[in-house]
Amino acid sequence: MANLLNSSRYGLISDEVCGSLSVQWHITTACDQRCEHCYMFDSDTYLFEKNNQLSLENSYLLIDQISEMASKYKYESLLAITGGDPLLNKNIWDILTYIKSKGNIRVVMMGNPYHLTDANIKKLIKNNVKLFQLSLDGLEKTHDYYRKEGSFKATIAALERLNYHGLTSGIMYTVSKDNVRDLIPLIKYLSDLDILDSFCFDRMIPIGTGKGLKECLFTPKEYRDLLYEIYHFESNNNLTFRIAKKEKLWGLLFSEMGIIIPQEKYNYNFCGGCNLPYGLLSILSDGTVYGCRKIEIKIGKFPEQHIWDIFTKSTHLIEQRNKENYKKCKDCHLFKYCRGCPAFKYSNYRDIFAKDDYCWRDV
């Protein structure tokens, strides 16, 4: 069973290019909120993005290239459309209709609750949007502090509407020492409501407007204890949704617990962990391309460059496909399954190959 979980929970990524490509498209900078930990508004690129959003014609061209890659290279393509709030892009319905016409791109969306009316949810379903992810960062008082007053109630109401219409919903929780006390109480609250399909939490990355929140970071032991507490809570409670294991250090905890056993027989550099170098691109509203939105290293520019050329020829991504570049992780027995969070490393050291400061191994 433990061996089986290596592939079922963490997947397999080949040494060439993985069998799926996730493109996160920040389709607009327009947003109803100004979150305390947002990476967008304090970015050096924000004003240029805001004033140079891709035209509808170039949006269609981007979709054409993603679809072309999916067909030519037999990819499973996931397009995660976000912003800002994607529903504030004036071309959103034309764009979604065009994606649907391609027939080989799976679409999820991530945004705010304020425009998830009954009519808009029906249009999302009609255009084959598979999931809409919202954010909650605590119970009402805490969440509204991070987002804005009334945001918590608006998000719960939006979840109820999504559930009523049958559109799969997810919640993302950005966790730090400042809001960790609300994490399990919120999970229990949402489970009792029974209106949610999946719940995920990820660490706060101190970038953008979150640069001033470094005092809210965990120690390695505190973070290990948190992961174990969440695992124990989920295992001992009959929750009405699943808790997704996005955090890279779940692999380290599960290895310690014997839930996964590293399989050296796989001749792959990566079998899990962050799939940034093998299956992820982040495209800003002006066509600037990053590997990860939280690592502000420009690796290309669309439409000047074809997306496939950026993905396969970027020096930044090629360097990350070389195990020897990982100074602190390359000798770890969990290298194929973990490697920590490159965005967190970059925020602390401007070095994606440094040690992840949340890693408790050898501490």
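Mentor: The discussion below treats a predicted model and takes up its sheet, its accessibilities and its salt bridges.

Trainee: What is the order of the strands in the open sheet?

Mentor: Ten strands follow one another as β7-β6-β5-β4-β3-β2-β1-β8-β9-β10, with mixed pairing. From one strand to the next the twist averages 25°.

Trainee: Why are β7 and β10 said to stand at the edges?

Mentor: Each of them, β7 at 242-244 and β10 at 298-301, has a single partner strand, so one side of each is left without a neighbour in the sheet.

Trainee: How do you know that β3 and β4 are paired?

Mentor: Pairing requires at least two bridges, and four bridges join β3 (residues 105-110) to β4 (residues 129-135). The two strands therefore count as paired, and they run parallel. Within them, Val-108 stands opposite Leu-131.

Trainee: Why is Ser-282 called buried?

Mentor: Buried means under 20% relative accessible area. Ser-282 has 2% relative accessibility and therefore counts as buried. This residue lies in strand β8, and its contacts include Gln-24, His-26 and Tyr-290.

Trainee: What makes Leu-193 partly exposed?

Mentor: The class lies between under 20% and over 50%; because Leu-193 has a relative accessible area of 32%, it is partly exposed. Leu-193 is found in helix α8 and, together with Leu-139 and Tyr-189, makes a nonpolar surface patch of about 210 Å².

Trainee: Why is the contact of Glu-222 with Lys-177 called a salt bridge?

Mentor: The side-chain nitrogen must be within 4 Å of a carboxyl oxygen. Here the N to O distance is 3.6 Å, so the pair meets the criterion. Glu-222 is in helix α9 and Lys-177 in the loop between β5 and α8, 45 residues apart.

Trainee: What does the pair of Lys-245 and Glu-234 tie together?

Mentor: The closest N and O atoms of this salt bridge are 2.8 Å apart. Lys-245 lies in the loop between β7 and α10 and Glu-234 in helix α9, so the pair ties together parts that are eleven residues apart in sequence.

Trainee: How many salt bridges does a search of the whole structure find?

Mentor: The search finds 17.

Terms used:
Residues are numbered from 1 along each chain as its sequence is written. This is a predicted model: local features need pLDDT of at least 70, side-chain atom pairs count only at pLDDT 80 or more; totals for chains, interfaces and linings use all residues. Side-chain values use heavy atoms; hydrogens and water are left out. Axes are lines fitted to C-alpha atoms, for helices over the stretch in contact, and angles run from 0 to 180 degrees between N-to-C directions. Buried means under 20% relative accessible area, exposed over 50%, partly exposed in between (1.4 Å probe, protein chains only). Contact means heavy atoms within 4.5 Å. Patches are made of residues with over 30% relative accessible area and no salt bridge: like charges are joined within 9 Å, nonpolar side chains (Val, Leu, Ile, Met, Phe, Trp, Tyr) within 5 Å. Accessible areas come from the Shrake-Rupley method with a 1.4 Å probe; for residues, only the protein chains shown count as cover. Lists of a residue's contacts leave out its neighbours within four places in sequence.
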